[in-house]
Amino acid sequence: MRNKKIFPLLLAAVALSVAACSSSNSRGEAAPELLGIDSLPPDIQNLVRAVAKNDTLSFAAAVSYPLQRPYPLRDIATDSAMRTYYGVLMDDSLRNVIIDNPGKSWVDCGWRGWSAGDGNYIWFDGGIYAIPYMSKRETAMRDSLVRVEMASLYKPMRRGWQPVACYRGVGNDSVFRIDMRQPANKAPQFRLAAYASPAGLRNRPAAEYLGYRTVDGSAMIETYTFVARDAAGKAVTTVTFTPDFADVEGYSSISVDRAGGKGRTIRVVPAYWLDLLRPAAPPSAK
């Protein structure tokens, strides 16, 4: 199986191209609830039948792991984890998109593989590599985690922001988090906060940058750019990060370039903020 790494919050953009995908036409007779299934590739037929039967074992075997979920939900790393999570993930809306008239609902999208519905639900290419859809249970779980995570930040950093990702430095204690806010009638704004170690996550970060995200090419490679400026508005530090690019050891890198040619590269791995967060200190006795 080929595991394509496409972040769920970007997959809505992929859906715009689904209109250009070629639809599979129904041929022959089939059970009414699986109309046209024989026109689909065998591996997708197996997937559709697994969902129709709520066969969690077969469904889990059809997934290319890890299956990303929107942060701060945890990615699904194994088939056993998927079998446990199936009831949270697979609500009636997703199930119906997969199995209702599959000969027409599933479309061939070229190098992206196959998608059911409008591209906002599920993507398959040798295995399920993305499910951008979130069930109501998942949405409630994510909302709860977002509230807890944002409440743990240094208070001036909380209002109006939503978490996007968290990373841990490789070979050091550094922690980085990316948050996003959506100003009215403007493009989303992104923030990078850097911490020297997990011990300081509840405090003001060691460095904080504002920036933007670009998405390039048909593969939708996302790059974050953050800039710190001096009082005159001159850029003194530029930080760039492309999460999908990794070195031979599988690590992504944050590049920090400073005016005057000084700079460094920090290798990072994905992390979960709440895993790194230390319990708040109890109030001191008075």
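Leu94, Val97, Ile98 and Ile99 are the buried residues of helix 5, which spans residues 92-99. Keep in mind as you look around that this is a predicted model. The cover over those buried residues includes three helices, namely helix 2 (42-52), helix 4 (79-89) and helix 6 (102-105). Strand 2 (106-108), strand 3 (114-116) and strand 4 (122-124) are also among the elements that cover them.

Just past the end of helix 5, have a look at the backbone of asparagine 101, where phi is positive at about 45°.

## Aromatic pairs

Let's turn to the rings: the structure holds 7 aromatic pairs. In one of them, phenylalanine 59 and tyrosine 86 have ring centres 5.2 Å apart and planes at 75°, so they meet edge-to-face. Because phenylalanine 59 belongs to helix 3 (residues 56-61) and tyrosine 86 to helix 4, this pair ties together parts 27 residues apart in sequence. Phenylalanine 59 is buried, with a relative accessible area of 0%, and tyrosine 86 counts as buried too, at 6%.

Tyrosine 195 and tryptophan 273 also pair edge-to-face, because their planes stand at 65°, with ring centres 5.3 Å apart. Here strand 8 (residues 189-195) supplies the tyrosine and helix 8 (residues 273-276) the tryptophan, so the pair links parts 78 residues apart in sequence. Both tyrosine 195 and tryptophan 273 are buried.

Phe190, Tyr224 and Phe226 come together as one aromatic cluster.

Two arginines are worth a visit as well. Arginine 74 lies over the face of tyrosine 272, at 4.5 Å from the ring centre. Arginine 191 lies over the face of tryptophan 161, with 4.2 Å to the ring centre.

How values were computed: Residues are numbered from 1 along each chain as its sequence is written. This is a predicted model: local features need pLDDT of at least 70, side-chain atom pairs count only at pLDDT 80 or more; totals for chains, interfaces and linings use all residues. Side-chain values use heavy atoms; hydrogens and water are left out. Buried means under 20% relative accessible area, exposed over 50%, partly exposed in between (1.4 Å probe, protein chains only). Helices (H or I, at least four residues) and strands (E, at least two) are DSSP runs, numbered from the N terminus. Contact means heavy atoms within 4.5 Å. Rings of Phe, Tyr and Trp (its six-membered ring) pair if their centres lie within 6.5 Å; planes under 30 degrees apart count as stacked, over 60 as edge-to-face and the rest as tilted. A charge sits over a ring if NZ of Lys or CZ of Arg is within 6 Å of the ring centre and within 35 degrees of the ring normal.
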